[in-house]
Every structure is written in structure tokens, then in C-alpha cells.
Amino acid sequence: MSTPQLTRDDTAAATSPTGQPKAVWAVAFASVIAFMGIGLVDPILKPIGEQLNATPSQVSLLFTSYMAVTGVAMLVTGVISSRFGAKKTLLSGLAIIIVFAALAGMSGSIGEIIGFRAGWGLGNALFIATALATIVGAATGGVAKAIILYEAALGIGIATGPLLGGVLGGISWRGPFFGVSVLMAIAFIAIVVLLPEMPKPTKPTSITAPFKALRHRGLLTVSITALLYNFGFFTLLAFTPFPLDMGTYAIGFIFCGWGILLALTSVFLAPKLQARFGSLPMMALSLGLFAVDLAVMGMFTEHKIVLIVGVVIAGAFLGVNNTLITEAVMISAPVERSTASAAYSFVRFGGGAAAPWVAGKLGEHNMSLPFWLGAAFTAAAVAVLYIGRGALAHIDDHDPAPHSVEEAQAITVGD
């Protein structure tokens with residue numbers, strides 16, 4: 001695809017003192033806010049249930065509706081982005097989140113919140129899939145550094161989401177929803193100002209492209225792996241506040257600690273472990289340790305200190321895995337990165353959608369069962385990774401080179 005070439009002066013003018021383009025930091029900031037939405041409701045799950053007379057499984061549908069719509073919508077993100085451009089797609093996603101987060105804050109029933117969280121998931125899908133492609137394409141230093149930047153945004157967002165939810169939730173359970181709406185409005189303005197318009201590709205992306213991408217065994221392997229361990233991940237995230245049975249501030253700080261550890265390990269530890277031991281062994285080890293962690297939480301569910309420690313240290317295992325598996329997705333199949341991202345996200349969010357409701361339902365009968373089931377699914381993820389290791393043998397031989405401006409623009413618009 002032929003695209004206009006930026007001059008050296010243009011590039012310098014658009015670059016911040018850190019060496020990354022200002023547009024990348026604008027998208028990264030918006031990504032932080034988007035990822036806040038994942039853990040934002042953790043501290044207010046019990047207050048919502050108590051004030052709206054909802055069971056744990058009903059409250060957990062806030063996660064299920066959000067993740068289910070996000071996963072399905074991922075299938076059309078490439079189609080929309082290739083027709084309207086990355087900037088319009090990002091802004092559309094942000095606008096949808098702004099509206100539906102505010103509507104969730106104004107809800108009067110659990111059913112309304114569940115429905116508005118579904119709309120929020122649509123905006124989240126449009127934004128996140130395009131944001132990953134934008135950051136990978138526009139950041140300096142190659143794919144590895146771009147992935148680390150993206151995972152740092154994920155970690156910071158997941159860490160501060162529960163903290164913000166705890167602080168605002170201490171005032172009212174409606175507060176966190178309105179808070180996200182305001183922050184997303186700020187991100188919307190930042191992207192309008194800092195992200196330049198990108199040319200659209202001459203050939204729009206096909207809606208069948210993500211399905212065709214899953215024919216590649218490497219991409220299918222990491223996608224199924226993610227689906228399975230996401231069952232454990234969202235059991236931890238959506239169900240643990242119920243057996244903890246603590247106030248909004250306490251829950252917020254516990255999950256903030258988890259998110260901080262996730263961010264630190266994804267940025268600083270994962271690359272070192274990858275360089276020394278390889279991607280596949282470290283992915284398998286981190287997921288295996290996460291499965292053990294969940295099993296211990298299932299064994300000692302009645303001990304709050306065990307649950308607290310289990311939640312926090314899970315951040316280390318997930319931080320390492322998230323960075324390595326995200327990079328593996330981008331190089332696991334000979335398809336466009338945006339297409340690989342959409343296919344992978346569609347599959348993995350299936351686990352994220354099912355886990356909260358199943359965990360809530362099981363937890364209404366036995367508080368330990370959700371953790372045991374999450375451990376079993378995560379262990380199955382390790383087995384899938386082992387079985388499909390042959391199709392991923394090449395990922396540690398991949399040495400990403402810096403992207404040209406034309407390649408960055410092609411990736412950004414999802415061609």
C-alpha cells in the first residue's frame with residue numbers, strides 16, 4: 001500500500017522528549033482509562049448487590065455482558081477501522097464508552113447496569129483493538145517495545161481501576177461509572193488533538209479475515225490458551241471480592257497491589273525472562289504457577305489473608321504471561337497484526353465472559369468451587385500450549401526490526 005511519507009521534521013515535531021511520538025502517548029493514556037473499566041467495578045460489586053437486591057451471579061453479569069460484547073465486536077473492528085480509519089474508530093469507541101458509562105451510573109436496576117455495560121463493551125472493542133495496532137505501528141523501537149508499552153498501559157489501568165473504584169465507590173456505587181465517563185472525555189480530546197489522520201487502505205479488511213487467521217495453528221493455539229486461562233483470570237477478578245467480604249477501599253487497594261505487580265513484571269521482568277529462558281517455557285511456567293495460586297485460594301478460601309496474598313502475587317504470574325502471549329499473537333501467524341489481534345481477542349474473551357457468571361453461580365453454593373474450577377481451566381491452558389508448541393517454535397527466533405513509516409501507517413489502519 002502506498003502512503004504519504006513523513007519528513008524528518010514532521011517526525012521530530014510529533015515526538016515527545018521520551019522518544020515516542022506524542023500520538024502514541026495519547027493512545028496509551030486512553031488505553032489506561034479503557035483498561036480501568038475491567039477492574040473498576042471490583043470494589044462496588046457487593047454494594048451494588050446489596051443496594052439493588054442482586055445475587056453474586058447476577059452482579060457478575062456486569063463482567064459477562066461487557067466481555068461477551070467486547071469479544072464478538074472484535075470481529076468487526078478491522079472492517080470498521082479499514083473503512084473509516086484508525087482515528088475515527090478510536091474516537092467512536094471512546095464516545096460509546098463515555099455515553100454508556102454515564103448511563104450505567106444513572107441506572108436504577110441491576111438489569112440496566114448489565115445492559116449498559118454491554119454497550120460499554122462495544123466501545124471498548126472498537127478502541128482496544130485499534131489502540132494495540134496503533135501503538136505497535138507508530139511506536140519507535142520495534143514490536144517488543146511497543147508491546148511492553150501496551151502492557152504497561154494495561155497494568156496501570158488495571159491497577160488504578162480498582163483504586164479509583166474504591167475511592168469513588170466509597171462515596172456511591174455510581175461514582176466509578178461517572179469517573180470513567182469523565183476520564184474518557186479527557187482521552188477523547190487528547191486523541192482529537194494529538195493523533196493525526198491516517199490514510200485508509202485501498203483494500204478494506206474482510207469481515208472473514210479473523211476467522212481465516214485462526215486457521216493458522218500457532219494463532220489458534222495461543223487464542224485457546226488465552227481463552228482457558230482467562231477463565232481463571234476473571235474468576236480471580238470478578239468473584240474474589242465476595243469471599244473477601246471487605247469494604248470498597250480495602251478491595252480497591254488489594255486489587256491495586258495486584259495491578260501494580262502485573263505492570264512491573266510485564267514491563268521489567270518478562271523481557272529478561274524471555275531473553276534467558278524463551279517465550280514458551282516462561283508462558284507455561286507463569287500459567288502453571290497461576291493455576292497453583294488459584295488452587296491454594298480454593299483450599300483456604302475461608303482465610304482472608306490467603307486470598308489477599310493470592311490475589312496480589314497472581315499479578316506477577318499474569319504480568320509475565322500477558323506480555324509474552326501478546327507478543328506471540330503478533331508473530332504467530334502470517335497475517336496483519338490487527339487481524340491477528342481481532343481473532344485472538346474474539347476467542348479469549350469467551351473465557352472472560354463465561355467465568356464471572358459461572359463463578360458467581362458456583363460461589364452461591366460453595367465459595368471454594370470457583371477457585372478450583374479456575375485452577376483446572378488454567379492448567380488446561382498449559383496443556384494446550386504444550387500440545388501446540390510445534391506451531392510456536394519460531395516465536396523465539398523472531399527478531400523484530402524497526403517499522404518504517406509506511407508499514408506503521410498500514411498497520412494502524414488495519415489493512
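Modeller: One term before we start: buried means under 20% relative accessible area, exposed means over 50%, and partly exposed is in between, with a 1.4 Å probe and protein chains only. This is a predicted model, where local features need pLDDT of at least 70 and side-chain atom pairs count only at pLDDT 80 or more, while totals for chains, interfaces and linings use all residues. Residues are numbered from 1 along each chain as its sequence is written, and side-chain values use heavy atoms, with hydrogens and water left out.

Biologist: Thanks! How many helices and strands are in the chain?
Modeller: The chain has 17 helices and 0 strands. Helices (H or I, at least four residues) and strands (E, at least two) are DSSP runs, numbered from the N terminus.

Biologist: And what percentage of the residues count as buried?
Modeller: Of the chain's 415 residues, 59% count as buried.

Biologist: Let's talk aromatics. What makes two rings a pair?
Modeller: Rings of Phe, Tyr and Trp (its six-membered ring) pair if their centres lie within 6.5 Å; planes under 30 degrees apart are stacked, over 60 edge-to-face, and the rest tilted. By this rule there are 11 aromatic pairs.

Biologist: Why is the pair F239 and F242 called tilted?
Modeller: Their ring centres are 6.3 Å apart and their planes are at 35 degrees, so the pair is tilted. F239 is buried at 1% relative accessibility, and F242 is buried with a relative accessible area of 9%.

Biologist: What about F255 and W258?
Modeller: The rings of F255 and W258 have centres 6.0 Å apart and planes at 75 degrees, so that pair is edge-to-face. Both residues lie in helix 12 (residues 248-277), 3 residues apart, about one turn of the helix. Are they buried or exposed? Both F255 and W258 are buried.

Biologist: Which residues form an aromatic cluster?
Modeller: Y66, W120, W173 and F177 form one. The ring of W120 also has the charged end of R117 over it, 4.8 Å from the ring centre. A charge sits over a ring if NZ of Lys or CZ of Arg is within 6 Å of the ring centre and within 35 degrees of the ring normal.

Biologist: Where else is there an arginine over a ring?
Modeller: R389 lies over the face of Y386, 3.9 Å from the ring centre. R389 is in the loop between helix 16 (369-387) and helix 17 (405-412), and is partly exposed, with a relative accessible area of 40%.

Biologist: Switching topic: what's in the largest nonpolar core?
Modeller: That core has 118 residues, and those with the most contacts inside it are I48, F127, F177, L219 and W258. Domain 1 (21-201) and domain 2 (206-394) both give residues to this core, so it lies between them. A nonpolar core is a set of buried Ala, Val, Leu, Ile, Met, Phe, Trp, Tyr and Cys residues joined through side-chain atoms within 4.5 Å, and the domain bounds come from an automatic or database domain assignment.

Biologist: What does L219 touch?
Modeller: Leaving out residues up to four places away in sequence, L219 touches several residues, including V329, A340 and Y344. Contact here means heavy atoms within 4.5 Å.

Biologist: And S107, buried or exposed?
Modeller: S107 is buried, at 1% relative accessibility, in the loop between helix 5 (86-105) and helix 6 (110-138). S107 and R174 are 67 residues apart in sequence, yet 8.4 Å apart from C-alpha to C-alpha.

Biologist: Last one: which residue has a positive phi without being a glycine?
Modeller: N53 is one of them, with a phi of about 55 degrees. N53 is in the loop between helix 3 (45-51) and helix 4 (56-84) and is exposed, with a relative accessible area of 71%. D245 has a positive phi too, near 50 degrees, and is partly exposed at 45% relative accessible area.
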